[in-house]
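Dear colleague,

Please find below the structure for your studies. I would ask you to look through it first and then to read the notes that follow.

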2 protein chains.
Amino acid sequence: MPRARGGTGWTYARAGVDRGATAIALRALLSAARPGAAPRYGRPVRLPGHYAGLVAVGRETLALTTDTVGTKVLLAEALGRWSEVGEDLVAINVNDLAAVGARPIGLVDCISCPSPDPSVFRQVGQGIRRGLTHAGCALLGGETAVVPAIVRGVDLGGTALGHFPPRRRPITGARIRVGDELLGLRSSGFHANGFTLIRRLLEEAGVDLRRPRPGQRTGVGRELLRPTRTYTEIIEGIADHPAVHGLAHISGGGVRNLLRLNGEVQFELDGWPEVGGLEAWLASLGDLPPRELYQTFNMGIGFVVVVDRGRVTDVLRRLRHAGAPDARRIGTVVRGTGVSLPGPDLQYDDYGGAR
Amino acid sequence: MPRARGGTGWTYARAGVDRGATAIALRALLSAARPGAAPRYGRPVRLPGHYAGLVAVGRETLALTTDTVGTKVLLAEALGRWSEVGEDLVAINVNDLAAVGARPIGLVDCISCPSPDPSVFRQVGQGIRRGLTHAGCALLGGETAVVPAIVRGVDLGGTALGHFPPRRRPITGARIRVGDELLGLRSSGFHANGFTLIRRLLEEAGVDLRRPRPGQRTGVGRELLRPTRTYTEIIEGIADHPAVHGLAHISGGGVRNLLRLNGEVQFELDGWPEVGGLEAWLASLGDLPPRELYQTFNMGIGFVVVVDRGRVTDVLRRLRHAGAPDARRIGTVVRGTGVSLPGPDLQYDDYGGAR
């Protein structure tokens with residue numbers, strides 16, 4: 001198995017993603033965009049740094065999330081397969097809705113491309129349909145911008161709209177307390193995060209995307225392209241349960257996503273499952289330090305549910321019933337702050353993700 | 001005044017925007033994305049080709065629109081001024097909500113860029129704030145993707161969420177009938193449409209963006225960059241009036257946007273105001289044929305209100321009161337189909353815009 005040059009290992013920053021600079025620019029935008037007065041229309045619910053923006057109107061509270069597939073599209077382009085990223089487009093957005101307990105009711109896509117290739121668009125559409133079927137909601141519209149002067153590749157973005165059924169309140173993590181248990185739901189691979197780093201690792205190691213890694217039959221490219229698991233139905237199965245105190249979609253930022261839920265406790269991940277073959281193989285390509293791995297990739301767990309410890313058995317049963325037989329205990333909420341992983345001996349104190 | 005080479009004149013297609021190819025690709029996507037069954041969550045309201053996607057949930061009907069500023073950002077980049085396009089980002093989306101009579105309650109932005117420049121982000125934020133103030137709603141969240149492998153410029157997109165206040169129904173144009181009058185509201189320049197063509201015209205003619213055109217004091221670049229007028233408050237002033245039968249945001253596609261409202265009547269624009277100096281000057285740069293002008297740019301009218309002819313005086317009074325002293329009669333709904341402009345003797349039979 002090929003190994004990277006040098007001993008210090010690859011990091012996301014070395015791969016060209018400077019999270020600090022992005023955070024600075026974003027703060028400049030958000031601080032300048034802040035209005036002086038309350039809006040005339042709608043009542044926004046302040047939830048800074050969380051997965052979705054909430055706004056109340058009439059008797060409804062609505063949730064809005066927006067996200068792009070990012071550089072995973074470059075893998076789609078290299079393999080000439082686009083339906084997986086189409087499915088990702090839906091999944092990454094509705095999973096962010098699930099992370100506040102919102103039920104998706106519609107999606108719009110936003111595609112910027114250098115030229116309108118009907119075959120690419122058809123495959124993206126097929127993926128979107130699969131994503132919508134998993135999520136249970138409809139495509140309400142979208143935008144297609146053919147702008148070769150702005151984009152060199154296909155930028156696949158979307159926005160999902162969700163609501164809270166009668167008597168369900170947003171699940172923000174504010175009710176998380178010491179003693180709560182953390183349940184993990186398996187990911188379906190790298191989902192749509194960390195691909196700038198993945199691409200650099202593959203390039204440096206000269207990996208042929210069409211060939212399988214040792215012991216596998218599917219090519220590495222196809223393995224990496226696998227669409228994001230949609231957690232909508234699983235979370236719908238427990239979102240009305242009063243013992244569910246917090247929900248985290250493990251997207252960009254890895255385990256640090258837990259910090260978006262509550263800053264006054266520590267999330268101790270003492271039951272993290274053994275890291276799978278694909279992640280381990282990828283890590284070995286570039287001598288990736290464990291710290292980088294857990295703060296960039298989902299490392300096998302794509303969603304975390306924080307539950308009152310007295311009701312863990314009941315919630316696990318419901319999760320299994322709702323489509324997650326893989327649900328298992330992965331940690332505990334303890335006194336302190338941050339996220340800790342006793343296994344690889346890691347501690348994270350800030351989210352680091354842009355938003 | 002410089003003139004383009006050749007005698008056939010510039011068109012949007014010659015400038016590199018092939019609307020036909022985009023429409024074909026889009027049809028491939030939409031046809032592939034169509035689900036086989038009704039969604040489990042939310043009740044979508046079918047309104048194909050319209051300005052917003054509608055979905056009903058509980059007692060609310062919600063509207064979602066998504067759009068990008070497009071290649072106007074390249075002008076912002078050339079001038080190093082970004083607040084105008086930040087304001088556009090809000091305006092183009094809430095104007096699309098206004099075109100179905102929906103009231104904006106929140107917005108998310110989605111920015112893809114090659115590098116996170118804090119000064120650019122701050123200015124975009126300032127523009128977003130101004131746009132939100134005009135629109136009366138809040139920024140609920142957003143996404144910032146730093147993806148130099150996908151984009152060479154800043155791609156500025158957004159999604160706006162709207163609702164219908166109690167007793168207001170969506171205004172779709174279905175109630176438009178022969179005899180209705182068309183009222184026009186002035187645009188504030190080219191808004192954020194047609195900039196691929198504008199840029200080509202300026203380049204070919206060797207125009208210095210910092211210098212004013214004849215008879216003006218502001219540089220041409222600043223004139224072209226002027227932010228999109230926000231019609232939210234104006235339309236809020238009449239959206240509950242039963243005589244308002246249709247609303248059209250004159251965005252990409254020019255006057256053909258009227259075709260999105262109703263295909264069973266003809267929109268006869270016999271009172272279109274004299275074309276302003278900026279539009280006439282730009283047209284002269286590239287010998288642009290009138291047909292191309294009216295199907296690409298808003299030509300001075302950014303929004304059209306279709307009104308029962310017996311109530312025109314009342315609606316005009318309300319429009320003036322709501323912030324549009326410029327509102328005026330520009331045409332009539334007659335028997336037939338399509339959009340006709342008796343002045344320049346033009347007839348359009350299809351919308352042509354992608355969506």
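Two residues are in contact if their C-beta atoms, placed from the backbone, lie within 7 Å. With this in mind, please note that the model is a predicted one, and that 100% of the interface residues of chain B are also interface residues in chain A, so the copies meet through the same surface.

The contact takes 79 residues from chain B and 79 residues from chain A. On the side of chain B that touches chain A, α1(B) gives the most, with 11 residues. By class, this side has 43 nonpolar, 23 polar and 13 charged residues.

How are the two copies related? A rotation of 180 degrees, with 0.0 Å of shift along its axis, superposes chain B on chain A with an RMSD of 0.0 Å. The copies are thus related as by a two-fold rotation axis. In chain B, the C-alpha nearest this axis belongs to B:Val151, at 2.0 Å.

I turn now to the sheet in chain A. Its 6 strands form an open sheet in the order β1-β2-β3-β6-β4-β5, with mixed pairing. At the edges stand β1 (43-45) and β5 (138-146) of chain A, each with a single partner strand, so one side of each is left without a neighbour in the sheet.

Within the sheet, β3 (residues 60-68) and β6 (residues 155-163) of chain A run antiparallel and are joined by 7 bridges. A:Thr68 has A:Gly157 as its bridge partner in β6(A). Helix α3 (residues 83-98) of chain A packs on the sheet, where it touches β3, β4 (103-113) and β6 of chain A.

Yours sincerely

Note on methods. Residues are numbered from 1 along each chain as its sequence is written. Chains are lettered from A and ligands numbered from 1 in the order in which they are written. This is a predicted model: local features need pLDDT of at least 70, side-chain atom pairs count only at pLDDT 80 or more; totals for chains, interfaces and linings use all residues. Copies are superposed by least squares on the C-alpha atoms of residues with pLDDT of at least 70 in both. Helices (H or I, at least four residues) and strands (E, at least two) are DSSP runs, numbered from the N terminus. Ala, Val, Leu, Ile, Met, Phe, Trp, Tyr, Cys and Pro count as nonpolar, Asp, Glu, Lys and Arg as charged, and the others, Gly among them, as polar. Two strands pair if DSSP finds at least two bridges between them. Axes are lines fitted to C-alpha atoms, for helices over the stretch in contact, and angles run from 0 to 180 degrees between N-to-C directions.
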